[in-house]
Amino acid sequence: MNMTTVLQPVRLSFVHKSAVPFPSIPPFVRWQISPILFNCQQQARCAHFRRNVSYTAAEVEGIEKPAAFRAPNMPRRASPLSILPLSNLIRSYLITAVSSSPLLLRTSLGALKFLAHSKSPMLNPDRNPILHFLLKRTIYAQFCAGETANEVDQTINKLKRMGYKGILLGYAREVCLDGNQAQNMECTVSREDLDANTILSWARGTISTVKLAQPGDFVALKFTGAGTQALQHLVEAKPPPPLLAKSITEICDLAMTRNVRLLFDAEQDAVQAGIDAWTISYMKQYNRKEKALVYGTYQAYKKSTPGVLANHLALAHKNTFVLGVKLVRGAYLGSDPRHLFWDTIEDTHKAYDGIAESLMRRTYNDVLKPTSPGAKTFPSINVILAGHNKDSIAKAQEIRNSQARSNEPRVSLVYAQLMGMAENISCGLIVAGQLAKEDGRERMFDIPKAYQYLVWGTVSECSQYLVRRAEENKDALSRTKEGRKALGKELLRRLGISAE
């Protein structure tokens, strides 16, 4: 065998993802020439880097994976889904197969909603062992962390072994108001709800969540879970009642001690102004250093969000605190008035991408405008870009990579997706970072920090959360044919039916 005929095709496979695949090489030949192949690989990489090409999650699928970051059965030209455990892969494929079918999606969502709102003990997963078994090992396992501290800890550690930098952990308990309840809060307050036990129960659950999180993680707080008294104060834009204020302070102090950051989640429009006021108040108190402890959540699908965020940026600059920003598209399309939102999905995309770019560049633009014409200075900010839109993530990575190559200062930023959704995006972020580190590209490439959002609680407690998440992501769930195809291709490869 002529050695050059073997080496040339192999060398081409390292140059670019568009290169032709090399022919199969017998194992004994590959072993004998492995040092030469390694040298060819390094030379080809250097030639690729000199063209100033940076990896993004969207480009990773066709790029060769370095040996140090391949699973034992991961092929050289594997998809990012190669890092998923087999059990996750199978479950994700089955759930994606259901969600990509309009008929099956409507049927499954209807059944889940029925179970979540049923008052029958027989339909309560925490009392019905058969129902508990079925849900716990399917949809609950896909999106939730666990029912006990041990289960949550196992889930977090598994995600971090896969390459995720951390998690955003939430306690599942929350309250969701319909339109009449939001407008008539004064009529819904009962003596039982006003009892301190409601607030203390929420505080205990949130403190447990902070203790479950690991250093560098985030914990999400939903103030509606503290009961109707909290809801009433939020609707009326009053400060939190004394016992709740004391509980929030204890939570913040504990989080600071444990190096865990807090996300004050956005909720329905009826309580959002109150949440914003509470968020800014605690930011002023705790975000005094370069690193934010408290983050607010900003929903890009609302027309008012650019103005609200601009106002908060001005307050942060005036009062010299770090503004923590979690940017999402939105979660309450089904319950809030339609006129609050942008008219089209394209308008929402434009708002999200425009706000994200403004934050990353720390400069105002035609989407995020300053509160006054002369205001141009940005305060210190920390950012979470949360979402499942591949194009938005790619745009953000392009900006960050450009800043890295130009040696520009970059804001503290992480990416977050719901656990169990858009795994091709989140796994792509992980692999993109691993490739850059392996190739010594840290100074020329922004290493993305991928996080997963998940909740913990009993199966029954998580049911309403799962319904709301399914409703808010219904459109995204129905457009999962590409993801299902990628999952299926990877699953076949794992089973040895089809290999790349």
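These are my notebook entries on what I looked up in this predicted model.

**Ground rules.** I number residues from 1 along each chain as its sequence is written, and for side-chain values I use heavy atoms, leaving out hydrogens and water. Since the model is predicted, local features need pLDDT of at least 70 and side-chain atom pairs count only at pLDDT 80 or more, while totals for chains, interfaces and linings use all residues.

**Confidence.** I began with pLDDT, the predictor's confidence in each residue, from 0 to 100, and found a mean of 81 for the protein chain, with 77% of its residues reaching 70 or more. Over residues 1–54 the pLDDT stays under 50, and the model has 60 contacts (heavy atoms within 4.5 Å) for this stretch beyond four places in sequence. Residues 62–77 are also below 50, with 42 contacts in the model beyond near neighbours in sequence.

**Whole chain.** I looked up the secondary structure, taken as DSSP runs numbered from the N terminus (helices are H or I, at least four residues; strands are E, at least two), and the protein chain has 22 helices and 8 strands. Of its 500 residues, 51% count as buried, where buried means under 20% relative accessible area, exposed over 50%, and partly exposed in between, with a 1.4 Å probe and protein chains only. Among contacts with a separation of 6 or more, 78% are between residues 24 or more positions apart.

**Cysteines.** How many disulfides does a search of the whole structure find? The search finds 0, a disulfide being a pair of cysteine sulfur atoms within 2.5 Å. For C144 I looked at the closest cysteine sulfur, which is in C462 at 3.9 Å, and this is too far for a bond. C144 counts as buried at 4% relative accessibility, and C427 is buried too, with a relative accessible area of 0%.

**Trp202.** Is W202 buried or exposed? W202 is found in helix α12, which covers residues 196–212, and W202 is buried, with a relative accessible area of 1%.

**Ile90.** I finished with I90, which is found in helix α4 (residues 86–99) and is partly exposed, with a relative accessible area of 36%.
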